[in-house]
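Please look over the sequence and the 3D structure shown here before reading on.

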Amino acid sequence: MLGNSLNGRLLTNLKNTFTYEFWVLPESVHRIDKQTREKPAGVNGKNYIIGPGQGLSENDAGISVSVGLNGITVYEHTSEDIYAVLVYEGRINDLVHIAVVYDNREPQLYVNGKFVKKGEQSPQTLVYPAGLIGGQPGLFFNGDIKEIVLWDHCRTEDNLNDYLNKKLTGSEAGLYGIWPVPPVNELDTQRTNTPNKNSQNKTDPSPKESQNKNIQVKKNHGIEVSIIIPSLNKYPLNLFTLFSLEQQTFNLSKMEVIFIDDASTDQTEEKLRGYTPPYHFKYIRSKKNLGRAKVRNLGIRSARGSLLIFLDAEMITEPEFVENHYRLHQSKTNLILSGAMHSKVIYSSIFPEFTKENINQITSLTKRNKEIYSRLKNLKYPCKEPYPLLKKSDIEKQVFKDLGVKAYPWFQSITRNFAADLEGFEFPWMAFLTGNVSIRKELIIQAGLLDEDFVQYGYEDWELGYRLYKMGANFIIREDLKTYHQEHPVGESKWEEAINNLGLFIKKHYEIDILILGLEICGLADLLTMNKVLGEYKLLLQSYPERFQKFQEKFIHILETIVLILQVDIRHINILGAAGFSSVDRKELQVDINSIKGLKNFTNLTYLLEKVMNS
């Protein structure tokens, strides 16, 4: 018996023929790879209950198993690649018994004692089971693992059913090991599975009880909508957000809120540990900061609803917010719905970092409500800790709406000039703003989740939006989905982080649609002009594909240079010089500009190019 020695990458005492058995309940989907040995699988989107365990040489492979709400996949890891050798798609909503049987390097899958599928036999000389429960450091299994058993032979269907509901003694012939599994990651979770304030959380059943087929634990309860809220030091704003979700007209028994505390150091953990709202609520706390992409991916993997709503922790919602998101998604399966561009701002709390100018502005706004104005007058400024201006009753009565004002001119330039379907807007993917956006879970899984290479501030949501756009998703912005952003102190400038992430965005999508973003950032064009420039440029190449090929190369080089300059300074002086244009290059560019002018339909493009020529 190996006890708890499953810390090795591969268990080389077993080879080619063995059996894994699991009692498991996943809580997230995993990526469905194509079953093939012809093409390696991707490294992302796994929900490893076992593995990954890479082969030690070119002649061997390690076995890993990923289990999600949408199925089971067996992977073989050679010394260089990963192959999905058995892929089973099916819904797993309850505690399930899974057996992965390897018979002379060939995998077979059994679910609840019944054979379901045979996989691809390995061409490797040796195949070993992996010894990593829940994945290696940095990976984790989202769900509950009740028991893992490993045998040194291939179990038959009769063998499996004989022991399906029996407690093993440890002396069974061929038994290699049994493991009651410890926590598999640093995430500490608290779940409120029943949407009833007076209910108490039930303890998990014992392994023996879990093995009774008639027992069903942790059902989805018909959950249809999962709201994902990451939070980093946003107390008490995050509490007002949660209060507003209690007032939703949507059926709260079909809605869950996944609140991910991304290593906050304020009062968030203290105040929310015992929070029991009338909706399903899951509190997840990370002991270390995961960052904007990883924390939301954790929420996606934990979600049980078919519709996901991403919401910032400081966004107060109106009562019809969830219902409107849900209703609009019923017409199509590839919609991205956003209310972020219609957001209003509101001051719900006073922070010690607020300046006297902030207080004066808040004073002016709160005069609309006598009670809140009186609370502000009772404030002893400067305060030592956040001072709430709102109470839960103000959320229930929607008093907060009296304090909301329109802001964000950049967003307003879009909402005023384009319809809800963003027709004519060259950048509809900009509507994928994780402060307030909804999408079907199956669609975001197909796109591959947020890219975790984006570890700092900026562009991680737009990058995913752009991938969805290229997949054919339809983006809609609507005022009846608006939220109220609670203003808070802004930390140090994120300029350098954002520019670096723009560079990463461009590296991943080296296309004109992304390169051109530098025009607005550096001030050479506002958003609407940049939109017209891109539209005219695409029309030019479409209308004259052979005529302006050299011009196309020069234009791309100019945009590259603009982005490079942004990493040093926002001022853009002598752009062509920075781009290394010779006098010949400049003359050729001027000839192209004059030719394009003669075509009459490209005034914004030529105007911009002349600005660059004269910079």
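Predicted model: local features only at pLDDT ≥ 70, side-chain atom pairs only at ≥ 80, totals over all residues.

Residues are numbered from 1 along each chain as its sequence is written, and side-chain values use heavy atoms, with hydrogens and water left out.

## The whole protein

The secondary structure comes to 20 helices and 25 strands, where helices (H or I, at least four residues) and strands (E, at least two) are DSSP runs, numbered from the N terminus. Of the 615 residues in the protein, 55% are buried; buried means under 20% relative accessible area, exposed means over 50%, and partly exposed lies in between, with a 1.4 Å probe and protein chains only. The protein exposes about 27,200 Å², of which carbon and sulfur atoms supply 46%, as computed by the Shrake-Rupley method with a 1.4 Å probe, where for residues only the protein chains shown count as cover. If contacts (heavy atoms within 4.5 Å) are taken between residues at least 6 apart in sequence, 76% of them join residues at least 24 apart.

## Two open sheets

Strands of a sheet pair through backbone hydrogen bonds, either parallel or antiparallel. Here two strands are said to pair if DSSP finds at least two bridges between them.

Another open sheet has 4 strands in the order S17-S25-S19-S22, with mixed pairing. Its edge strands are strand S17 (315-317) and strand S22 (405-406), each of which pairs on one side only. Where S19 pairs with S25, the bridge partner of Lys-344 is Tyr-484 in S25.

| Strand | Partner strand | Sense and bridges |
|---|---|---|
| S1 (residues 18-26) | S6 (residues 96-103) | antiparallel, 7 bridges |
| S13 | S14 (residues 255-262) | parallel, 7 bridges |
| S19 (residues 344-346) | S25 (residues 483-486) | parallel, 3 bridges |

## An enclosed strand and its Ser-231

In a regular strand the side chains alternate between the two faces of the sheet. In S13, 7 of the 7 residues are buried, so this strand is largely enclosed by the rest of the structure. Both of its faces are covered, with Val-225, Ile-227, Ile-229 and Ser-231 buried on one side and Ser-226, Ile-228 and Pro-230 buried on the other. Ser-231, which lies in S13 (residues 225-231), counts as buried because its relative accessibility is 3%. The bridge partner of Ser-231 in S14 is Asp-261. Residues up to four places away in sequence aside, Ser-231 touches Asn-238, Phe-259, Ile-260, Asp-261, Asp-262, Ser-264 and Ala-313.

## Two helices

An α-helix has 3.6 residues a turn, so residues three or four places apart point the same way. In helix H6 (residues 321-329), the buried residues are Phe-321, Val-322, Asn-324, His-325, Leu-328 and His-329. They cover an arc of only 165° around the axis, which puts them on the same side of H6; the arc is that of the directions from the helix axis to the C-beta atoms.

Helix H17 (residues 549-566) has 18 residues and reaches 26 Å from its first C-alpha to its last, close to the expected 26 Å, a span given by 1.5 Å times one less than the number of residues. Among its buried residues are Phe-551, Phe-555, Ile-558 and Ile-562.

## Two further buried residues

Ala-41 lies in the loop between S1 and strand S2 (48-50), and at 15% relative accessibility Ala-41 counts as buried. Beyond its neighbours within four places in sequence, Ala-41 is in contact with Asp-33, Tyr-75, Ile-82 and Ala-84.

Arg-467 lies in helix H12 (residues 460-470) and counts as buried at 16% relative accessibility. The C-alpha atoms of Arg-467 and Gly-448 are separated by 8.9 Å, although these residues are 19 residues apart along the chain.
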